[in-house]
Amino acid sequence: MSDATTGATTTGTAKQHLVMEHLVSLTYRDALPPSLDRFVDRLLEGHIVGHRCPSCSRVYVPPRGYCPMCVVPTAADHEVEVSDRGILTGFTVITPIAYYGQQETEPFVHASVRLDGADTTLVGVEITGVPHDELRMGLRVKAVWKPESERSTEGISSRGWGGVSSVIDSFEPTGEPDAPPDEYRDHVF
Amino acid sequence: MAERCAVVGVGQTHFTKRRDDVSMPGLLREAVDRALDDAELTLADIDAVVIGKAPDAFEGIVQPELFLADALGAAGKPLMRVHTAGSVGGSTVLVAAHLVQSRIHRRVLAVAWEKQSEGNAQWGLAGGRSGGIGAGGAFAPWIRAYIQRSQAPEYIGWMVAVKDRLNALKNPYAHLRIADITLEKVKESPMLWDPLRFLESCPSSDGACAVVLTDEAGGRRAPRPPAWIAATAMRSELGQFPGRDPVRPQAGVECSADVYRLAGITDPRRQIDVAELYVPFSWYEPMWLEGHDIAGPGEGWKIVDAGETEMGGAFPVNPSGGVLSSNAIGASGMVRFAEAALQVRGLAGEHQVDGARTALAQAYGGAAQYFALGILRSDPD
Ligand SMILES: [Zn+2]
């Protein structure tokens with residue numbers, strides 16, 4: 001949690017004697033499962049890997065260690081590498097609300113990208129290199145990698161979806177023609 | 001055969017930005033006392049209590065059920081908490097109903113609430129980190145996909161936003177009271193989560209709701225007309241998997257199919273007189289009309305456009321003003337059931353739909369992945 005004295009909170013306007021500010025900070029150590037640990041190792045090296053389900057052939061990125069559709073485990077021998085290019089399948093442009101601890105000040109993109117070769121999407125990625133009013137589902141995009149020296153594991157979590165922003169800054173248009181709806185329709189999330 | 005279950009008491013607090021005059025236990029007790037008064041029962045008559053609220057991070061109080069037991073009159077009685085994210089208020093009613101239908105208890109008190117002014121829902125949703133997208137940020141991409149697929153005109157969202165706020169003016173408990181709301185005002189309100197505008201979004205409220213449910217004997221001797229629970233259904237699905245359609249989630253489709261089948265409903269649009277649907281963002285009205293097979297795919301917005309979901313329309317939706325007008329998150333799902341009950345009891349006051357005898361109550365939550373549906377009727381059969 002950031003500086004508790006900044007008071008950028010929506011709860012601080014009541015009469016003093018009625019409200020006790022009670023700020024809690026919790027630090028978690030998040031143990032990554034082997035499949036995600038391996039994903040992070042490869043990601044830091046500039047490669048994106050997933051697991052291909054041995055039963056249905058769906059490719060999960062990041063790998064989960066199982067296929068939730070078939071309920072079968074997947075492991076290292078199911079690893080496949082996917083492209084760092086893909087399709088913008090869904091997005092919104094968020095105007096930040098000044099809640100307590102908010103550090104965003106400018107509108108930002110919250111998008112889902114389906115990488116070529118993957119059946120899942122990376123969620124919550126930023127899209128750059130295109131004006132917000134030209135964003136569209138089906139837009140072909142590619143990863144903008146951070147320089148190797150600036151990559152970190154910050155934000156990688158076994159409890160989130162994707163969370164690659166400490167390694168990949170954003171995605172930007174490739175300039176290729178847009179993908180047709182049947183390539184993104186089932187991957188809005 | 002399952003025991004028949006009736007709603008014999010409904011209580012709500014007024015929904016408002018902040019209730020500094022009461023504590024969380026006091027807020028709940030206000031709704032509980034009103035529900036018991038409606039049922040002409042006391043806490044001593046209650047066999048068990050079922051409660052629901054949003055995740056604890058929203059108010060920063062972990063397992064509040066522990067310190068609320070006294071205020072809820074639950075000391076020495078079974079107390080159960082339900083967790084299904086935003087749909088929790090609906091699921092809480094259904095769990096309470098199941099306790100009666102399965103003859104485990106005869107009279108159950110269901111309570112749901114949120115005192116959002118004591119925490120910060122945006123911060124809670126973000127896991128306490130900056131750059132949180134909020135609920136609107138999560139749903140906006142799917143709303144965009146709906147608009148693109150259905151080719152709905154942009155003003156449909158504005159229409160729902162206006163309709164629900166005008167309905168709210170007739171509901172004394174509603175939070176937002178925007179008497180001068182117009183399509184133009186909605187259109188010109190700030191864009192928060194493109195394509196969702198400020199006035200197309202729900203408020204953040206303090207408030208509580210309580211419902212008293214009884215067995216058939218209790219329903220028959222209730223002092224005021226009861227609402228009979230004709231059918232209930234709950235479904236959930238994974239938040240994200242390949243091929244998942246978050247715009248028209250399969251769990252929602254199957255949940256409504258189940259509740260219609262159990263209630264003997266074959267043509268929901270004709271056989272249901274009024275619906276209270278969980279619509280926290282305007283576009284969810286046409287999306288749930290389609291997501292629960294009240295309208296065919298791509299047809300939901302046309303029903304809105306034709307004015308059918310207005311108070312005097314053929315299929316009134318959210319005469320209470322809905323979640324768009326009052327959103328104490330945990331309570332919101334229960335208010336759908338409470339308002340549906342008031343409608344079929346004929347006790348909805350100024351926002352009563354004339355002759356309502358069959359009502360649909362719906363709540364959804366999480367990544368549009370948890371569903372709680374109920375059909376309530378004026379008659380037990
Ligand atoms: Zn599989």
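Colleague: Is A:C70 buried, partly exposed or exposed?
Modeller: This is a predicted model, so the value is computed from its coordinates. A:C70 has 25% relative accessibility. Buried means under 20% and exposed means over 50%, so A:C70 is partly exposed.

Colleague: Is A:C53 buried or exposed?
Modeller: The relative accessible area of A:C53 is 1%. The cut-off for buried is under 20%, so A:C53 counts as buried.

Colleague: Which residues are the protein donors of the zinc ion?
Modeller: The donor atoms lie 2.2 to 2.3 Å from the zinc ion, and each is an SG atom. Along the sequence the donor residues follow the spacing C-x2-C-x10-C-x2-C. The residues are A:C53, A:C56, A:C67 and A:C70.

Colleague: How many residues apart are A:C53 and A:C70, and where do they sit?
Modeller: A:C53 is in the loop between strand 1 (48-52) and strand 2 (59-60) of chain A. A:C70 is in the loop between strand 3 (66-67) and strand 4 (72-73) of chain A. The pair links distant parts of the chain, with a separation of 17 residues.

Colleague: What is the geometry of the zinc site?
Modeller: The zinc ion has four donor atoms, with angles of 105 to 113 degrees among them. Four donors count as tetrahedral if all angles lie between 85 and 135 degrees. The site is therefore tetrahedral.

Colleague: Which secondary structure elements does chain A contain?
Modeller: From the N terminus on, the order is α-β-β-β-β-β-β-β-β-β-β. That comes to one helix and 10 strands.

Colleague: What area do chain A and chain B bury between them?
Modeller: The size of an interface is often given as the accessible area lost when the parts come together. Here 39 residues of chain A are in contact with 34 residues of chain B. Carbon and sulfur atoms account for 58% of the buried area, and the area itself is about 3100 Å².

Colleague: Which three residues supply more of the area that chain A buries against chain B than any other three?
Modeller: Their share of the area that chain A buries against chain B is 20%. The three are A:Y99, A:V188 and A:F189.

Colleague: Which element gives the largest share of the side of chain A that touches chain B?
Modeller: Strand 6 (85-94) and strand 7 (108-115) of chain A are the elements that give two or more residues to that side. The largest share, five residues, comes from strand 6 of chain A.

Definitions and conventions:
Residues numbered from 1 in each chain as written. Chains lettered and ligands numbered in written order. Predicted model: local features only at pLDDT ≥ 70, side-chain atom pairs only at ≥ 80, totals over all residues. Heavy atoms only, no water. Donors = N, O, S within 2.8 Å, 3.2 Å for Na, K, Ca; no water. Tetrahedral: all angles 85-135°; square planar, octahedral: opposite > 155°, others 65-115°. Helix = DSSP H or I, 4+ residues; strand = E, 2+ residues; numbered from the N terminus. Buried < 20%, exposed > 50% of the residue type's maximum accessible area, 1.4 Å probe, protein only. Contact = heavy atoms within 4.5 Å. Buried area = accessible area lost by both parts, 1.4 Å probe.
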